[in-house]
Amino acid sequence: GLSAVVNCLMIWMGLRSSPASSITTIPFDEAFRAYRDMLRTLVDFEAIQEAFAGRGPGGRLLRYVVVDPHNGNTGTYWRRLLEDDLELAELTQWEILEGHEAPDPSFPEFGEPGYPDPTEERGNQELQARITARGRQGLGIAFGIGVDPDGDREGFIDPTAGGTEQSVILSVNEQLPLLLQYRLQQAFIQW
């Protein structure tokens, strides 16, 4: 509103310093460690490893994960999380969609300019095709994670929800209540 315009004018006139002048750059490894440490407070990495290994009560619940970072800045984060932190084997237990890891402002889907919103079906066409193909190759259940280019939205694709050709895409607005329910259940169990 008006206060934002006044603030911009004051910065332009030199009466106030720009917030950009207080921005510091940190190395990727430092940023990743902080992100991973925060993520570990929210996500049970050991439970994910057990789901892949089949050590949990339900047997082997996860067999394969396909990640689509939509040519944004999260490809390196996902690679480090899957390889180093979850200790999963690339192309045996996970993959990042080929050609979707490096930044590309055209966000290609099947080689054409794409729609990078992972919460919309049209933003996950190549990811859905890859999950279906992996399922047909006998890898078992392939789970998809679509991430928007700046990493603030995800869509989870579960092909078991409606057959191999259909998927359920959960936006962050649908994920948060599920995560909250899970955290409350875990707290209640420990209580």
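This is a predicted model: local features need pLDDT of at least 70, side-chain atom pairs count only at pLDDT 80 or more; totals for chains, interfaces and linings use all residues.
Helix H3 covers residues 45–53, and its buried residues are Phe45, Gln49, Ala51 and Phe52. Looking down the axis of H3, these buried residues fall within an arc of 160 degrees, so they line one face of the helix. As for what sits over them, the cover includes helix H2 (28–42), strand E1 (64–68) and helix H4 (75–85). At the start of H3, the backbone nitrogen of glutamate 46 has a side-chain oxygen of aspartate 44 within 3.2 Å.

Glutamate 46 turns up again among the salt bridges. Its side chain meets that of arginine 40 in a salt bridge, at 3.8 Å from N to O. Both partners are partly exposed: glutamate 46 has a relative accessible area of 43%, and arginine 40 comes in at 35%. Another salt bridge joins the side chains of arginine 36 and aspartate 37, with an N to O distance of 3.6 Å. Here the two partners fall into separate classes, since arginine 36 is buried at 18% relative accessible area, while aspartate 37 is partly exposed at 43%.

Elsewhere, arginine 153 and aspartate 117 form a salt bridge whose closest N and O atoms are 3.4 Å apart. This pair ties together distant parts of the chain, 36 residues apart: arginine 153 belongs to the loop between strand E3 (142–147) and strand E4 (154–158), and aspartate 117 to the loop between strand E2 (94–96) and helix H5 (125–136). Arginine 153 is partly exposed, at 30% relative accessible area, whereas aspartate 117 is buried, at 11%. Shared partners also link salt bridges into one network, made up of Arg36, Asp37, Arg40, Glu46 and Asp85. For the model as a whole, the count comes to 13 salt bridges.

Asp85, a member of that network, is also one of the buried residues of H4.

The strands round out the picture. In E3, 5 of the 6 residues are buried, so this strand is largely enclosed by the rest of the structure. E3 pairs with E1 in the parallel sense, over 5 bridges, and valine 67 stands opposite isoleucine 145 of E3. E3 also pairs with E4, but here the strands run antiparallel and are joined by 4 bridges. Within that pairing, valine 147 has glutamate 154 of E4 as its bridge partner. The hairpin of E3 and E4 has 6 residues between the strands, and one of its residues, glycine 151, takes a positive phi near 80 degrees. Arginine 153, the salt-bridge partner of aspartate 117, lies in the loop between E3 and E4 as well.

Note on methods:
Residues are numbered from 1 along each chain as its sequence is written. Side-chain values use heavy atoms; hydrogens and water are left out. Buried means under 20% relative accessible area, exposed over 50%, partly exposed in between (1.4 Å probe, protein chains only). Helices (H or I, at least four residues) and strands (E, at least two) are DSSP runs, numbered from the N terminus. The arc is that of the directions from the helix axis to the C-beta atoms. Contact means heavy atoms within 4.5 Å. A polar contact is a pair of N or O atoms within 3.5 Å; within protein, one must be able to donate a hydrogen and the other to accept it, and residues adjacent in sequence count only if both atoms are side-chain atoms. A salt bridge is a side-chain nitrogen of Lys or Arg within 4 Å of a carboxyl oxygen of Asp or Glu. Two strands pair if DSSP finds at least two bridges between them.
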